[in-house]
Amino acid sequence: MQPIISVSNLSKVYGSGFQALKSINLDIRPGEIFALLGPNGAGKTTLISIICGIVNPSSGTVRVGGHDIISDYRAARSLIGLVPQELTTDAFETVWATVSFSRGLFGKPADPAHIERVLKALSLWDKKDNMIMTLSGGMKRRVLIAKALSHQPSVLFLDEPTAGVDVELRKGMWDVVRYLRDNGVTIILTTHYIEEAEQMADRIGVISKGELILVEDKAELMRELGQKQLTLHLQSPLEAIPAALAPYGLTIGADGHEVIYTYDTQAERTGITSLLSDLRQAGVSFRDLQTRESSLEDIFVGLLARSNARGR
């Protein structure tokens, strides 16, 4: 299957000398939800802006649907819808007028039936005659998505789509993204909310200091890098880990009332059976235990920590 977006050796150096991107290579598959994660200043928005034709690359190539974004700009850009992070809307226009106008900007003929489908899919149909200035922040963000979809793009970029949106509207936005994916739109998502990527993404990319440090299927990433923690709630508090238990790398929590053991779920042996035996021999008794698996946020934080350590 040919990628819908192909990025090759892409770099960006601004006039100040700051290198925002360093030799990025990335293929986006048709019909997937791809989440791009990274801290502020990592290069997420610069990468999106180059693909969308807003910022010029310093070197490298980008192709969208087989079209080069420089030499075949119009064809490439017509395949892309962009929902920016900032709420920039035509405040004194109606929802219907601003979405219809956006379609015309791409040279597309009027298609009221398509605009109606988009507004209904985004739960905006009953607001179609409202001035945008009268809408809530969540509704304004939906209008931005409607504008981006007005010309029927194959690819939709969502740059922090739920920033400043309450939890209920955020979940509603997730439903919209899934609906679009199910209808053949490829979604590229940047977000600070790690749970969004964990809930929705098919693949995850992590960018740090302008470098793409990892691209992986979400399920595989969770399987390979996920760890589990076994927490033992002790009958009596411990001041220090007994020397006989040192090989397990245990940590003490809850003021000595808990012992925490972290283990690799993919290892041939977890070591739990021998740990429990050695605890008894060391005279450490526990009244309860529980396990916790690493979240995507735990993995993300760990990847960034390792990346920063290498960069020192």
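This is a predicted model: local features need pLDDT of at least 70, side-chain atom pairs count only at pLDDT 80 or more; totals for chains, interfaces and linings use all residues.
Figure 1. Residues are numbered from 1 along each chain as its sequence is written, and side-chain values use heavy atoms, with hydrogens and water left out. Buried means under 20% relative accessible area, exposed over 50%, and partly exposed in between (1.4 Å probe, protein chains only). Helices (H or I, at least four residues) and strands (E, at least two) are DSSP runs, numbered from the N terminus. The buried set in α1 is Lys 44, Thr 46, Leu 47, Ile 48, Ser 49, Ile 50 and Ile 51.

**Figure 2. The largest cavity.** A cavity is a set of points, on a 1 Å grid over the protein atoms alone, where a 1.4 Å probe fits but cannot get out; a pocket is an open set with protein on both sides within 12 Å along at least five of seven lines; lining residues have an atom within 4 Å of a point. Grid points are joined across faces, edges and corners, and a volume is the space filled by probe spheres set on the points. The largest cavity holds about 50 Å³ of space. Its lining consists of Leu 26, Ile 28, Phe 34, Leu 36, Leu 47, Ile 48, Ile 51, Phe 157 and Ile 188. Two or more of these come from each of β2 (19–28), β3 (33–37) and α1 (44–51). α1 gives the most, with three residues. Nine lining residues are nonpolar, none polar and none charged. In this count, Ala, Val, Leu, Ile, Met, Phe, Trp, Tyr, Cys and Pro are nonpolar, Asp, Glu, Lys and Arg are charged, and the others, Gly among them, are polar.

**Figure 3. The largest nonpolar core.** Such a core is a set of buried Ala, Val, Leu, Ile, Met, Phe, Trp, Tyr and Cys residues joined through side-chain atoms within 4.5 Å. The largest has 37 residues, and Ile 145, Leu 156, Leu 158, Leu 180 and Ile 187 have the most contacts inside it. Helix α5 (residues 137–149) gives the most to this core, with seven residues. Contact means heavy atoms within 4.5 Å. Beyond its neighbours within four places in sequence, Leu 158 touches Val 83, Ile 145, Val 177, Ile 187, Ile 188, Leu 189 and Thr 190. Another core, of 26 residues, lies apart and includes Phe 34, Leu 47, Ile 48 and Val 64.

**Figure 4. Aromatic pairs.** Rings of Phe, Tyr and Trp (its six-membered ring) pair if their centres lie within 6.5 Å; planes under 30 degrees apart count as stacked, over 60 as edge-to-face and the rest as tilted. There are two pairs by this rule. Trp 96 is partly exposed at 27% relative accessible area. Tyr 248 and Tyr 261 are also edge-to-face, at 6.0 Å and 85°. Tyr 261 is buried, at 8%.

**Figure 5. The largest pocket.** Its volume is about 260 Å³. Among its lining residues are His 114, Arg 117, Tyr 179 and Leu 180. α4 gives the most to the lining, with four residues.
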